[in-house]
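Please keep the structure open as you read.

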Amino acid sequence: MAQTTISVRMDENLKRDFDKICNELGMTMSTAVTMLAKKMAREQRLPFDASVDPFFSESNLAFLREGIAELDAGRGIHKTMAELEAMENE
């Protein structure tokens, strides 16, 4: 069967991590992508669940950024684990 080439753009860090795990599994990134393509072609679906993680929602990220800014400005509240557990039991 004739071979063809595809080009995929991805974040540099993601590529590095993907390459690392492929190497640990004893395969190339090309082999991993081919495996994905074959499975999708055979099953006519994504071979995994695709969903949105609410942690990464824009509203949650904005909340986290606001909290980080508060901490950076020195306006954070610092509690020990014992203090937090005591608050939980109140």
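Buried means under 20% relative accessible area, exposed over 50%, and partly exposed in between, with a 1.4 Å probe and protein chains only. At 30% relative accessibility, M40 therefore counts as partly exposed. This is a predicted model: local features need pLDDT of at least 70, side-chain atom pairs count only at pLDDT 80 or more, and totals for chains, interfaces and linings use all residues. Residues are numbered from 1 along each chain as its sequence is written, and side-chain values use heavy atoms, with hydrogens and water left out.

**M40**
- M40 sits in helix α2; helices are DSSP runs of H or I, at least four residues, numbered from the N terminus.
- Leaving aside residues up to four places away in sequence, M40 touches R45, L46 and P47; contact means heavy atoms within 4.5 Å.
- M81 lies 41 residues from M40 in sequence and 47 Å away in space, C-alpha to C-alpha.

**The helix pair**
- The axes of α1 (residues 12-24) and α2 (residues 29-43) come within 9 Å and cross at roughly 90°. Axes are lines fitted to C-alpha atoms over the stretch in contact, and angles run from 0 to 180 degrees between N-to-C directions.
- The two helices, α1 and α2, are therefore roughly perpendicular, a term for angles of 65 to 115 degrees.
- From α1, K15, F18, D19 and C22 make the contact; from α2, M29, A32 and V33 do.

**Around α1**
- G26 follows α1 and has a positive phi, near 80°.

Key:
Angles under 35 degrees count as roughly parallel, over 145 as roughly antiparallel, 65 to 115 as roughly perpendicular and the rest as oblique.
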